[in-house]
Amino acid sequence: MDLLAITILWGFLYLIIGILLFLANIAIFEWWTPFNVKHALLSVQNKAIARIVRGNIIGQGIMISSVIFFTGYTIDHTFLTPEVFFPSVWMTIFFGMTGMFAQNFLLWVVTKLRWVEKELVIDQNEALGMVLEALIIAFSLIVSIAFYSY
C-alpha cells in the first residue's frame, strides 16, 4: 500500500474513534444528569436544557478534535507503522475518555445543586442555561489545552 492509502485508511480509523467517543459522551451525559434530558428536549422543549446539551456537544467536539490532533497519528511521523500507530490510538482513546469524564463530572456537580436543577427543569431559566453552556465550552477549551498539548 502506498503512503496516501495508508494515511487515508488510518484517518478513517480516527474518525470512527472520534464518533464512538462522541456517542459515549452523549450516553454518559444522559446518565449523569439528574433530570431526563430526552424528556426535557422532546416533550417539554426546555430551552435551558437545550443550551446545556448544545454546550456539551460543542465542547465535546472541541475536546475530541484536540485529542485526535495532539495524540493522533499525523503526517509528521516518518514511518506509518503499527508500532507508532496503535499506541497513538490507545492514547487517543484514553485522553478522550479522560476529558469526557472531566467535562461530564463538572456538569454533574453543577446540576446536583438543588437550586440549579430547579431553575433549569422547573423554571426553565434560559439565562442560566446560557451561562452553563458557556462554562462547558470554556472548560472544554481549557481541558483541550491543558491535557492535550503536552
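Relative accessible area is used here to class residues as buried when it is under 20%, exposed when it is over 50% and partly exposed in between, as computed with a 1.4 Å probe on protein chains only. By this scale F94 is exposed, with a relative accessible area of 54%. The structure is a predicted model, in which local features need pLDDT of at least 70 and side-chain atom pairs count only at pLDDT 80 or more, whereas totals for chains, interfaces and linings use all residues. Residues are numbered from 1 along each chain as its sequence is written, and side-chain values use heavy atoms, with hydrogens and water left out.

The confidence of the prediction is expressed as pLDDT, the predictor's confidence in each residue on a scale from 0 to 100. The protein chain has a mean pLDDT of 83, and 91% of its residues reach 70 or more. Within the protein chain, confidence is lowest in α4, where the mean is 83, and highest in α5, where it is 88.

Helices are DSSP runs of H or I with at least four residues, strands are runs of E with at least two, and both are numbered from the N terminus. The expected span of a helix is taken as 1.5 Å times one less than its number of residues. Helix α1 has 30 residues and reaches 43 Å from its first C-alpha to its last, close to the 44 Å expected at 1.5 Å a residue. Helix α4 (residues 82-111) also has 30 residues and should span 44 Å at 1.5 Å a residue, which agrees with the 43 Å between its end C-alpha atoms.

The buried residues of α1 are I6, W10, Y14, I17, G18, L21, N25, I28 and F29. Their cover includes α2 (37-42), α3 and α4, where contact means heavy atoms within 4.5 Å. In α4, the buried residues include F85, S88, V89, T92, G96, G99, M100 and Q103, together with N104, L107, V110 and T111.

T111, which is placed in helix α4, counts as buried at 1% relative accessibility. The side chain of T111 reaches the backbone oxygen of L107 at 2.9 Å; a polar contact is a pair of N or O atoms within 3.5 Å, of which, within protein, one must be able to donate a hydrogen and the other to accept it, and residues adjacent in sequence count only if both atoms are side-chain atoms. When residues up to four places away in sequence are not counted, T111 touches P34, F35, V116, E117 and L120.

Side chains of opposite charge can pair when their charged atoms come close. The structure holds 5 salt bridges, each defined by a side-chain nitrogen of Lys or Arg within 4 Å of a carboxyl oxygen of Asp or Glu. One of them joins the side chains of E133 and R51, with 3.5 Å from N to O. This pair links distant parts of the chain, 82 residues apart, since E133 lies in helix α6 (residues 126-148) and R51 in helix α3 (residues 47-71). E133 counts as buried at 8% relative accessibility, and R51 counts as buried at 19%.

E133 also forms a salt bridge with R54, the closest N and O atoms being 2.6 Å apart. R54 lies in helix α3 and E133 in helix α6, so this pair ties together parts that are 79 residues apart in sequence. R54 is partly exposed, with a relative accessible area of 40%.

A further salt bridge pairs E117 with R114, whose closest N and O atoms are 3.1 Å apart. Both residues lie in helix α5 (residues 114-122), 3 residues apart, about one turn of the helix. E117 counts as buried at 16% relative accessibility, whereas R114 is exposed at 65%. Elsewhere, salt bridges that share partners join R51, R54, E126 and E133 into one network.

The structure holds 4 aromatic pairs, counted when ring centres of Phe, Tyr and Trp (its six-membered ring) lie within 6.5 Å, with planes under 30 degrees apart termed stacked, over 60 edge-to-face and the rest tilted. The rings of W32 and F101 have their centres 5.7 Å apart and their planes at 45°, so the pair is tilted. W32 lies in helix α1 (residues 3-32) and F101 in helix α4, so the pair ties together parts that are 69 residues apart in sequence. W32 is partly exposed, with a relative accessible area of 21%, and F101 counts as partly exposed at 33%. F94 and F95 form an edge-to-face aromatic pair, 5.2 Å centre to centre and with 75° between the planes. W31, W32 and F101 form one aromatic cluster.
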